[in-house]
Amino acid sequence: MSLIVSVMYIDELTGKFSGEIPLSAGAELAGPEQWRNSVYGSPKSVELGLSLLCTLKHENILVLGSDIVTLKTETITLLNALDHDETYQHRLGNIIRACELAITHGAAVWIA
């Protein structure tokens with residue numbers, strides 16, 4: 001199973017999903033399920049102070065508003081701290097691009 005990143009519209013009145021901005025094939029991949037522990041919730045992520053990404057160790061995350069900038073910053077920080085492995089670059093790059101898209105469209109980022 002894989003972690004998936006999505007860019008979703010949230011209805012401000014109901015707080016429910018009201019639509020999704022489709023991502024291109026492969027752009028929704030945020031890594032294999034085991035990355036919850038080995039990458040996002042790893043001791044390195046804790047050491048770097050990556051609070052939003054570390055949350056993925058135990059649960060899915062829905063990131064709204066100004067927290068999207070925080071998620072993007074945390075993801076860039078983690079990417080810079082990891083080996084420049086193509087897999088990390090691609091999967092973490094997908095999260096960064098999803099954050100940019102969400103910021104542009106006033107949407108939210110969902111990682112599950």
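Me: Is Ser-45 buried or exposed?
Reply: Ser-45 counts as buried, because its relative accessibility is 0%. Keep in mind that this is a predicted model.

Me: What's the cut-off for buried?
Reply: Buried means under 20% relative accessible area. Ser-45 comes out at 0%.

Me: Where does Ser-45 sit in the chain?
Reply: In helix H2, which covers residues 43-47.

Me: And what does Ser-45 touch?
Reply: Leaving out residues up to four places away in sequence, Ser-45 touches Val-39, Tyr-40, Leu-50, Cys-54 and Leu-78.

Me: Tyr-40 has a ring. Which residue does Tyr-40 form an aromatic pair with?
Reply: Trp-35. The Trp-35 and Tyr-40 pair is edge-to-face, with 6.1 Å from centre to centre and 65° between the planes. Both Trp-35 and Tyr-40 are buried.

Me: How are the rings of Trp-35 and Tyr-88 arranged?
Reply: Their centres are 5.2 Å apart and their planes meet at 40°, so this pair is tilted. Tyr-88 is buried, as is Trp-35.

Me: Which helices do Trp-35 and Tyr-88 lie in?
Reply: Trp-35 is in helix H1 (residues 35-40) and Tyr-88 is in helix H5 (residues 86-105). The pair therefore ties together parts that are 53 residues apart in sequence.

Me: How many aromatic pairs are there?
Reply: The count is 3. Ring pairs join Trp-35, Tyr-40 and Tyr-88 into a cluster.

Me: Ok, whole chain now. How many helices and strands?
Reply: The chain has 5 helices and 5 strands. Starting at the N terminus, the order is β-β-β-α-α-α-β-α-α-β.

Me: What share of its contacts join residues at least 24 apart?
Reply: Counting contacts between residues at least 6 apart in sequence, 62% join residues at least 24 apart.

Me: Why does the radius of gyration agree with a compact globule?
Reply: Because a compact globule of 112 residues would have a radius of gyration near 13 Å, and the chain has 13 Å. The C-alpha trace spans about 40 × 30 × 25 Å along its principal axes.

Me: How much of the chain is buried?
Reply: Buried residues are 39% of the 112.

Me: Last one, charges. How far apart are the mean positions of the positive and negative ones?
Reply: The chain has 7 positive and 13 negative charges, and their mean positions are 2 Å apart.

Note on methods: Residues numbered from 1 in each chain as written. Predicted model: local features only at pLDDT ≥ 70, side-chain atom pairs only at ≥ 80, totals over all residues. Heavy atoms only, no water. Helix = DSSP H or I, 4+ residues; strand = E, 2+ residues; numbered from the N terminus. Rg over C-alpha atoms; globule rule 2.2 N^0.38 Å. Buried < 20%, exposed > 50% of the residue type's maximum accessible area, 1.4 Å probe, protein only. Contact = heavy atoms within 4.5 Å. Lys, Arg positive; Asp, Glu negative; His and termini not counted. Charge placed at Lys NZ, Arg CZ, Asp CG, Glu CD. Phe/Tyr/Trp six-rings, centres within 6.5 Å; stacked < 30°, edge-to-face > 60°.
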